[in-house]
Amino acid sequence: MLHRLLLTVLAGFFLLPLLSHAAKVHEYLPVDHPYKQAVPTPESSLGFEIGVRHPRHDQLLKYMQALASNSERIKLTTIGQTQELRQQVLLTISSKDNLSNLDAILANRKTHNEAGNSTQPLVIWLGYSVHGDEISGANAAMVVAYHLAASESAEIQQMLENTIIVIEPSINPDGMDKFVQWVNTHRGSTINADPNHIEHHQGWLTGRTNHFGFDLNRDWLLLSQKESQHRLAYYHQYQPHVLGDFHEMGANGSYFFQPGIPTRTHPLTSSKNTELTQLLATYHAEALDNDNRLYYSQESFDDFYYGKGSTYPDINGGVGILFEQASSRGLQQESDNGLLTFEFGIQNHVLTSLSTIKGAWKNKNKLLEYQQNFYKESAKLADNEKFSGYLLHEKYDKYRLNTLLDKLKQHQIQVFPLEDDFRLDGVIYAKSDSYYIPLEQRQYRVIKALFSQQSQFQDNTFYDVSGWTMPLAMDIDFFEVGRTWGLKLAKAPWKKATKIASYIKPTEQAYAYAFEWHHFLSPKLLNKLLNSGIKAKVATKSFSARLSTDKGRQTKNFARGSVIIPAGIQTVKNWRDILVKNSDEIDIPLSRLNTGLTIKGIDIGSGSFRLLKPVKVLLVGGKGVSQYESAEVLFYLDDTLSIPVTVVEQQRLVKIDLSTYSHIVMVDGKYSALGKTAANKVDTWLKSGGVIFGQKRGAKWLSEHEMLAMKFVSKGELEQLFDSENLQYQDKEKLAGRKRIAGAIFQSELDTSHPLAYGYTDSNLPLFRNSTLIMQHTSKPFLALAKYSAAPLLSGYADQNMVNRIAHTSAIVAHNRGRGRVIASSDNLTFRGYWLGSAKVLANSLFFAKAFSTSVSD
């Protein structure tokens, strides 16, 4: 017999049965609460009760569609599709009248905020299971949606007349199904709560991430993934006052809700936000207290990085709240607190979902007033700044520039084109390559969050990264503008152009075609051409040529790294049509040369043009290898550049015929499964002409097996950087924070004459570092493609002792080994899919590795 205890939240928002097995939806809800019989329950749609097994995303979606079809309080909206073609949906729950006028209500929200109109509705956003394997949230979403759709309580009806509730039942549909497939495959007929059972231990690529392997709860700010982009458009349309973000944590925890650690709150977050978070926390505590459930707050988690669902609202006029439930990672699991069941976790998330609604409803006026004052305060803060805005400038690569501008636009930041060239600090910036971001606009705090280069912090311990400055990641020049005298701006903000390049028509008379390598997608075009059988060469020296254009003959300078397609060596039929078609689709401009004789530099028949070959890439993956860094490399090569990558688990590598691959990529990870036999096999392939790229511990593995001619600073040497004498036990965590680099941005100096730096026009290259792996200094010439500068820290936290040790050391190195090439980086070149600035080094490693030769033999 289930024991029930009724909690009152507007006549029954809370539920409390202490379930130890799967239950019908009403057993999660208040006793004797009135519900409309016509509204379907989850079990009537799923075919099983909540908690008895893990539902697939299509089953969850089917139930939400049934709810929307049978309740006038629900509007179901498809906001996009995932990579695996699953629907992303939102449920908007409110009164019938509000839903009928939803577009008008939302359109008026912005005006109301600025005018201080207190009659606007309260908006609450509840997002569940951004990590697909933290699935108690998605199940709780069905219970909460049913309760709000079917309840006949007068109090709930009154609340919905003045409140709009948005439910995103599964933020990560692909990850959800990845996890569900795992647990449903490995569960037995009898429930097994042993923590060692395979049901509780997923394979290498877990359901936490999306299809590509990205953590979507780090992507709210960066927007590298389509799921995030789809959601953000609706987030800004609804402008929620409160957002609940529902997660799971380790099985031996209890239940966490924010506030987080007070000293780890970002300074852009207002103190009033923290006050409101603490106020709402009293409602969560009440709900959990009444059922004697363990919980805690103000520990473990922080509010610093704005790329998470619980922090992004904090710079957008809302209050974000993180909820973490101890995870059964299956149906049941033994834990330090006893038997942890799937349905127990579902119950907790239902309780705090409803406490969020209750707390927000009870404090509606405070939340409305907070959002109104938030933007007024932002205007004052912008006015008090010592500069007026940021100037963006990028002359050569419009893809990176437009990617940055597009991300800013998605964050509702207004960026203005220049109508005239602008002089700043003695430098003239061309209007065609420059844009201005005024601080005095609604999204002031978001601008500051994206452009900040903070490096001093009250607390040196971070749950996530401490530096994420977006223009540094994109390698886009940006400058603070003080006086705006002489700055002439367009009246309308920037809008994305449909095409960038100007195109040519194929002609039989052309001697050769050429395209420049500074375009971000040039590797994509080159790969398409090589795989089509078109022969291409790279210029290892600069040249100038007279071109035929629609406007007549013009002279153009081509830098090292420019790619030519000579007509005389082509054997593929209709190669000109293939060339122009691909350049048009990828948006890379072609130049048409009518003679092999250049007016300056190397001629087209020179041996300084190196013939390029198609690439075939193998990525070493599997257990022990970072699924995140593997995902970032795969996303860049496969999704962005359309270069297929073969993933081979490290356990299988010894059995693979490596001779069919041109390149091997090893990202960060533990390569314990690669023994001496595997190492010898890789080295033999390498000496025979292969190219291997190692990143972080992948590079260290190459060093340990004497393929990479670099040594790494030992842990003992790093320990000596820190004086631990006279420290007390309470200083332990702070010292540990000083010894690590959680995620910061460092300045490197790039050798732009090196073939692996083709396409770069600036020697300053910001790199992302989230480890303490440091290459030892070497006096051997020509090894270093990039070295850290004398004062390398650009953004984020790193102890000064660590910064000094990193200064002047090598960041990226490359050299010969036999007929092959070894390329290594101590940093993550493709971090979280938005670090476009250093990503091209990886592409250059694929196509231009044989264009350099650096011997390391004594």
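1. A salt bridge, as the term is used here, is a side-chain nitrogen of Lys or Arg within 4 Å of a carboxyl oxygen of Asp or Glu. With that in hand, the structure, which is a predicted model, holds 35 salt bridges.

2. Along the principal axes, the C-alpha atoms fill a box of roughly 90 × 65 × 65 Å. The secondary structure comes to 23 helices and 32 strands.

3. Among contacts between residues at least 6 apart in sequence, 79% join residues at least 24 apart. The chain exposes about 33,400 Å², and carbon and sulfur atoms supply 47% of that area.

4. Now to charge. There are 92 positive and 85 negative side chains in the chain, and the centres of the two sets lie 8 Å apart. Side chains of opposite charge can pair when their charged atoms come close.

5. Glu-286 and Lys-358 make a salt bridge, with their closest N and O atoms 3.1 Å apart. This pair links distant parts of the chain, 72 residues apart: Glu-286 sits in helix 9 (residues 271-289) and Lys-358 in helix 10 (residues 342-362). Glu-286 is partly exposed, at a relative accessible area of 35%, whereas Lys-358 has 8% and is buried, because buried means under 20%.

6. Lys-398 and Asp-433 meet through their side chains in a salt bridge of 2.6 Å, N to O. Here Lys-398 belongs to helix 12 (residues 398-410), while Asp-433, 35 residues apart from it, lies in the loop between strand 13 (427-429) and strand 14 (434-438). With 9% relative accessibility, Asp-433 counts as buried.

7. A salt bridge also joins the side chains of Arg-738 and Asp-799, at 2.8 Å from N to O. Arg-738 is in helix 21 (residues 732-738), and Asp-799 is in the loop between strand 30 (784-795) and helix 22 (800-806), so the pair links parts of the chain 61 residues apart. Arg-738 counts as partly exposed at 23% relative accessibility, but Asp-799 counts as buried at 9%.

8. Finally, one group to display together: a network of salt bridges links Glu-134, Arg-208, Asp-215, Arg-218, Asp-464 and Arg-832.

Note on methods. Residues numbered from 1 in each chain as written. Predicted model: local features only at pLDDT ≥ 70, side-chain atom pairs only at ≥ 80, totals over all residues. Heavy atoms only, no water. Helix = DSSP H or I, 4+ residues; strand = E, 2+ residues; numbered from the N terminus. Buried < 20%, exposed > 50% of the residue type's maximum accessible area, 1.4 Å probe, protein only. Contact = heavy atoms within 4.5 Å. Areas by Shrake-Rupley, 256 points an atom, 1.4 Å probe, with all protein chains shown as cover. Lys, Arg positive; Asp, Glu negative; His and termini not counted. Charge placed at Lys NZ, Arg CZ, Asp CG, Glu CD.
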